[in-house]
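Welcome! Take a moment to turn the model around on your screen, and then read on for a short tour.

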Amino acid sequence: MNFYKKATFVKSIIDLKDLENRKNEVIFIGKSNVGKSSLINALTNNSKLAFTSKKPGHTRLLNYFLIDDSFYFVDSPGYGYSQKKDVDYTFYGDMLEKYFENNKYLKLVVFLLDSRHLPTDDDYDFYKFLISYNYPFCIALTKCDKLNQSEKSKIYKNLKDKLDVTKENSLILLTSSKDDRSLLILKETIDHYIALEDKWWKF
């Protein structure tokens, strides 16, 4: 497996103005405990890079990791879980809106969904939020190694029923932090968008 060769934690931030050295970036977003940190660790072959926890809501800020001295991975807080309820939801929403507003360095959004379950109402809300910004994105279905063949066959129906997402209108990847082939496909997808010139930018 051709993992990324070098990955270093840089900084945790709330606002992009707190990041001194801007580079192209890929953000990983999904509900709490969907597997964002695990996927980042697998792509970099470093199990200790991004902190993982079985307790939802651990990541609270935007965590930046420098990849191969070239671009950033951004590990975002998970939505759909809040110990402080409305206070946390407001903080999270404001932080993401500031992040997405005219972010010319954002090359790809990796939108993570748990392959074992129907997308939630929170997933639907974020999907609508995401497509309103016109950034390139892929949908990464996580934990696919835990599915049997029958369950795998339901994945695309679940996406169609809940999000109106199909293979024709979205880039959908079946992933697992334990499956090298799926990680390679995700890495190739990330590399493709990082390498693109900024011709798609519409602002």
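Let's begin with a charge and a ring: K167 lies over the face of Y156, 4.2 Å from the ring centre. Please keep in mind that this is a predicted model. The chain has 203 residues, and 48% of them count as buried.

**Charges over rings**

**Aromatic pairs**

- How many aromatic pairs does the structure hold? There are 18 of them.
- One of these pairs is Y4 with F73: the ring centres are 5.6 Å apart and the planes meet at 90°, so this pair is edge-to-face.
- Y4 belongs to the segment before strand 1 (7-13) and F73 to strand 4 (residues 71-75), so their pairing ties together parts that are 69 residues apart in sequence.
- Y4 and F73 are both buried.
- Why does the pair of Y133 and Y135 count as stacked? The planes of these two rings are at 25°, with the centres 6.2 Å apart, so the pair is stacked; the cut-off for stacking is planes under 30 degrees apart.
- Y133 is buried, and Y135 is buried too.
- Y133 and Y135 also take part in one aromatic cluster, together with Y79, Y99, F100, F111, F126, Y127, F129 and F137.

**The overall fold**

- The chain's secondary structure comes to six helices and seven strands.

**The cavity**

- The count comes to one cavity of 30 Å³ or more.
- The largest cavity contains about 50 Å³ of space.
- Which residues line the largest cavity? They are L113, D114, S115, H117, P119, L141, I155, N158 and L159.
- Strand 5 (106-114) and helix 5 (155-163) are the elements that give two or more residues to this lining.
- Helix 5 gives the most to the lining, with three residues.
- By type, the lining residues of the largest cavity divide into five nonpolar, three polar and one charged.

- Is T175 buried or exposed? T175 has 1% relative accessibility, so this residue counts as buried; the cut-off for buried is under 20%.
- You can find T175 in the loop between strand 7 (172-174) and helix 6 (180-195).
- Leaving aside neighbours within four places in sequence, T175 is in contact with L39, A140, L141, T142, K143, C144 and S182.
- Where does G30 lie? Look in strand 2 (residues 25-30).
- G30 counts as buried because its relative accessibility is 0%.
- Not counting residues up to four places away in sequence, G30 touches K36, P77, G78, Y79 and L112.
- One of those partners, Y79, is also a member of the aromatic cluster.
- From C-alpha to C-alpha, G30 and D75 are 9.8 Å apart in space, while in sequence they are 45 residues apart.

How values were computed. Residues are numbered from 1 along each chain as its sequence is written. This is a predicted model: local features need pLDDT of at least 70, side-chain atom pairs count only at pLDDT 80 or more; totals for chains, interfaces and linings use all residues. Side-chain values use heavy atoms; hydrogens and water are left out. On a 1 Å grid over the protein atoms alone, a cavity is a set of points where a 1.4 Å probe fits but cannot get out, and a pocket is an open set with protein on both sides within 12 Å along at least five of seven lines; lining residues have an atom within 4 Å of a point. Grid points are joined across faces, edges and corners, and a volume is the space filled by probe spheres set on the points. Helices (H or I, at least four residues) and strands (E, at least two) are DSSP runs, numbered from the N terminus. Ala, Val, Leu, Ile, Met, Phe, Trp, Tyr, Cys and Pro count as nonpolar, Asp, Glu, Lys and Arg as charged, and the others, Gly among them, as polar. Rings of Phe, Tyr and Trp (its six-membered ring) pair if their centres lie within 6.5 Å; planes under 30 degrees apart count as stacked, over 60 as edge-to-face and the rest as tilted. Buried means under 20% relative accessible area, exposed over 50%, partly exposed in between (1.4 Å probe, protein chains only). A charge sits over a ring if NZ of Lys or CZ of Arg is within 6 Å of the ring centre and within 35 degrees of the ring normal. Contact means heavy atoms within 4.5 Å.
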